[in-house]
Amino acid sequence: MAFQPETTLSVAALVLLILARGSDAGGIAIYWSQNGNEGTLADTCATGNYQYVNLAFLVTFGNGQTPMINLAGHCDPYSNGCTSLSSDIKSCPAQGVKVMLSIGGASDSYSLASSEDARQVAAYLWNNFLGGHSSSRPPGSAVLDGIDFDIEGGTGLYWDDLARYLSAYSNKGKKCFYNNPPCQYASGEVTNLEDAWKQWTPATPASKIFLGLPASPAAAGSGFIPVPDLTSNVLPSIKDSSKYGGVMLWSKYYDDQSGYSSSIKNDV
């Protein structure tokens, strides 16, 4: 079953926060895996368009539940089939691409019950996807580069605890947050988005902030920014920020249909 967060996205711009040092400015992050017609992960990394790929999603975790990943038609986690992605994941660093796990999505099967629950989830993520050890790692022996928080359901409690527990394992790891309060862009009018950017960037303890966007009009209920508007009006208004890192797109499937990343990559 594929979870389709595009049905819940009705904002012009979402914010992806990279809580780590050393991220290069001007990159594109993409969500991959919620459509079987978007190509392989290895092919995604080899496009030359992306610096980050988020595997979407770990949809079940927390509150005593057995964690479960859902990568739609790409693999079957119930038969341990997602270990087949290991070679694809390992191919991405050679292309200059970091691969991250996105947790959450548009489902109601995850939540954190307490700080201790957050600690246990952090341990699971570290041992099963990052630099730890487990006999049942969903991606096999491949080690991912970080965790993306796409928290659309559950409660707003204890996510900061989860981020801190993950940071305690490795301060070089990357933690990203997606689906934050919207900043609306109207055609020809960048003021609201620019004001939201100026509000977020000084107050956010992140080294790089990415502007999140639908990759095509079909990818979200609203909020698509045409390429000329993005490159001529939006990006020039935020690129001078020292925290500007690039843009994040939902998703690889829609990007394939629109060619959005290819059209904007030289301006990002």
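Both C75 and C82 are buried, where buried means under 20% relative accessible area, exposed over 50% and partly exposed in between (1.4 Å probe, protein chains only). This is a predicted model, in which local features need pLDDT of at least 70, side-chain atom pairs count only at pLDDT 80 or more, and totals for chains, interfaces and linings use all residues. Residues are numbered from 1 along each chain as its sequence is written, and side-chain values use heavy atoms, with hydrogens and water left out.

**Exercise 1.** Find how many disulfides the structure holds and describe the one formed by C75.

Solution. Step one: apply the criterion, a pair of cysteine sulfur atoms within 2.5 Å. Searching the whole structure this way gives 2 disulfides. Step two: C75 pairs with C82, with 2.0 Å between the sulfur atoms. Step three: the S-S torsion of C75 and C82 is about 80 degrees, so this disulfide is right-handed.

**Exercise 2.** Characterise the disulfide that joins C45 to C92.

Solution. Step one: the S to S distance of C45 and C92 is 2.0 Å. Step two: this pair links distant parts of the chain, 47 residues apart, with C45 in helix α1 (residues 41-45) and C92 in the loop between α2 (86-91) and β5 (98-105). Helices (H or I, at least four residues) and strands (E, at least two) are DSSP runs, numbered from the N terminus. Step three: the torsion about the S-S bond of C45 and C92 is about 85 degrees, so the disulfide is right-handed. Step four: C45 has 1% relative accessibility and therefore counts as buried; C92, at 0%, also counts as buried.

**Exercise 3.** State the disulfide pattern of the protein.

Solution. Count the bonded cysteines along the chain; the pattern is 1-4, 2-3.
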